[in-house]
Amino acid sequence: MESLAQFKMLILSLCLIFQLGHGFYLPGSYPHKYNVGESLLVKVNSITSIDTEMPFSYYSLPFCKPQGGVKDSAENLGELLMGDRIENSPYKFKMHVNESEIFLCKTDPLSADHFKLLKKRIDEMYQVNLILDNLPAIRYTKKDSYLLRWTGYPVGIKVQDAYYVFNHLKLTVLVHKYEEANVARVMGTGDGAEVIPSMGSGGSDIPGYMVVGFEVVPCNFMHNVQSVKNTKMYEKYPSPIKCDPTTVAMPVKENEPIVFTYEVTFEESDIKWPSRWDAYLKMEGSKVHWFSIMNSLMVITFLAGIVLVIFLRTVRRDLTRYEELDKEAQAQMNEELSGWKLVVGDVFRAPTNASLLCVMVGDGVQILGMAIVTIFFAALGFMSPASRGTLITGMLIFYLILGVAAGYVAVRLWRTIGCGDHKGWVSVSWRAACFFPGIAFLILTLLNFLLWSSHSTGAIPISLFIVLILLWFCISVPLTLIGGYFGAKAPHIEYPVRTNQIPREIPSQKYPSWLLVLGAGTLPFGTLFIELFFIMSSIWMGRVYYVFGFLLIVFILLVVVCAEVSLVLTYMHLCVEDWKWWWKSFFASGSVAIYIFLYSINYLIFDLKSLSGPVSATLYLGYSLLMVLAIMFATGTVGFISSFWFVHYLFSSVKLD
């Protein structure tokens, strides 16, 4: 009995220790308890549209402003790069207190410019994005008996030749009763629940709720402008307001003000706080998404397995036959040699533009490492949609840190090609640190001028541009130079065979070898084109992307297929006595970028039909080009490294004079 009592005390002590720790929450996912009557403040993000893909400030339109003035929320680096501008709003209410017919404001009479801008934003299908407790406002609509979910609500609607602004919002806040983190209740020890104290000073006596949903229904109501002449913000509207989203009543006109009102209703929900993002993640077509990904994985895995088996059997048979010839008749070996064995004296001959290849491989390692680490952490939930901007911020941080790997790989490859020569490693390191980032900055700068001229919040501010340049030259460049230093100190890779002084003539081929290289990208493209559709929809259609676990699997499969394709192409070229395999192995897998860019153009034509204006199309193509270049560097690096390893292993596995 005494030992049992000691065991109980040990359990209670452990419970108290864990309770004092307050638990562990992923970034951006900590629950907030609101007491009844506590103020809830709604924030606004940039207004967005899939018609232009250019975000604008919420207050660029004649909306009501908060009493204390407009204040920016602290955005992280990723949010700024994505064009998010989160600001306070005049919408506020009290927890679990239903209110209706709340007068917000009456705007000044619309000037000609404001009236024209408002009509333009309505024509371009801009959406207003409200945020409550880090949850975007969600809107439900029905189409053909299907329930569609949208984040935000339209600025207005055009009916015939008249424009209507949604001047009344019906807001619904779903709340769930706050559950105290009482370990005894979780463990089910009823007697212990009275012994173990609840977390916090107030205990569970004070009722509290967590926000688990935020819904909006926009309406256009015929307001009486004269009746609110002396009404102040948050006072009761003089007459009842009936919100009917199916009808419009009050068009906007030049030189006339707009009256804004709202109502709020609180509903208790069974939705648990960890599941409150499910409504945003369950977008239409999710079942198709899962089945398509599974089908793609099975088909590509099967094809990759066949290629790998055939390839291994062919190479093994070739090596076995060669060893037997070497043992049987050394004198007849030269007569029996054919295929890849004939290029033994040229296979490790330095390629043209060797320094450029080293720089591209180094940058590819940096991009590939960034992608793997980012997707891995995202799959673990550290970069969930609840944490705005963390995905872009994480990518940038990982890219900066992996500059060490870029410099190391580029310089060590440079020394390997130069047979251990140390000269020029600083130049190679500098170019590795500036090549891809320089291309990215050039594209972003050109696109930024377009956004600046359009006064879009998607434009990167000058201050952020300076920060990015400082991160580049104060962190990325030094780390790349450090990696290059270690690459220069590391022993270079020794070639297993000697290179002849006179290059061997390559026999003429029936078809251009580059044609086969370009066609090799179709198999890697087949591994990701279905996933690519959902990624593109997330970027350009405003949908939430969340299946990072599947993305990690697809990415690993893509790496495997790129390696296999490059190996097969390299072996085929060596068999026809084509010893110029360096660049071809890089582009054999890197050519998948061409098909991705063609797919991006196809997506622009057939899926983004509403994308209007040359500026929007230029932005789309510019960002697509940047993405495609990054993919080419990463996949090309996978193909080159796998081919280099294969060629080195192949020629070190045979005995040659």
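Two strands count as paired here when DSSP finds at least two bridges between them. Keep in mind, too, that this is a predicted model.

**View 1. An open sheet of four strands.** The strands line up in the order β3-β2-β6-β7, with antiparallel pairing. β3 (87-94) and β7 (135-136) sit at the edges with a single partner strand each, so one side of each has no neighbour in the sheet. Zoom in on β2 (residues 39-44) and β6 (residues 130-132), and you'll find three bridges joining these antiparallel strands.

**View 2. The hairpin of β11 and β12.** Here β11 (residues 156-159) and β12 (residues 162-165) run antiparallel and pair over four bridges. Two residues lie between the strands, and Q160 takes a positive phi near 55°.

**View 3. Helix α10 and its packing.** This helix has 12 residues (390-401), and at 1.5 Å a residue it should span 16 Å; its end C-alpha atoms are 16 Å apart, so the two agree. Its buried residues are T393, G394, F398, Y399 and L400. They pack against several other helices, including α9 (354-379), α12 (425-453) and α13 (462-489).

**View 4. A salt bridge between E101 and K236.** Six salt bridges turn up in the whole structure, and in this one the closest N and O atoms are 3.5 Å apart. E101 belongs to strand β4 (residues 99-106), while K236 is in the loop between β14 (208-219) and β15 (259-268), 135 residues away in the chain. E101 is buried, at 16% relative accessible area, whereas K236 is exposed, at 53%.

**View 5. A salt bridge between R276 and D133.** The closest N and O atoms of this pair are 2.9 Å apart. R276 lies in the loop between β15 and α6 (278-281) and D133 in the loop between β6 and β7, so the bridge ties together parts 143 residues apart in sequence. Both ends are tucked away: R276 counts as buried at 5% relative accessibility, and D133 is buried at 17%.

View 6. Find H573 in helix α16 (residues 548-575). Its relative accessibility is 6%, and because buried means under 20%, H573 counts as buried. Beyond its neighbours within four places in sequence, H573 touches S513, V517, D578 and K584. D578 and K584 also meet each other, through a side-chain salt bridge of 2.4 Å from N to O, and both residues are buried.

How values were computed
Residues are numbered from 1 along each chain as its sequence is written. This is a predicted model: local features need pLDDT of at least 70, side-chain atom pairs count only at pLDDT 80 or more; totals for chains, interfaces and linings use all residues. Side-chain values use heavy atoms; hydrogens and water are left out. Buried means under 20% relative accessible area, exposed over 50%, partly exposed in between (1.4 Å probe, protein chains only). Contact means heavy atoms within 4.5 Å. The expected span of a helix is 1.5 Å times one less than its number of residues. A salt bridge is a side-chain nitrogen of Lys or Arg within 4 Å of a carboxyl oxygen of Asp or Glu.
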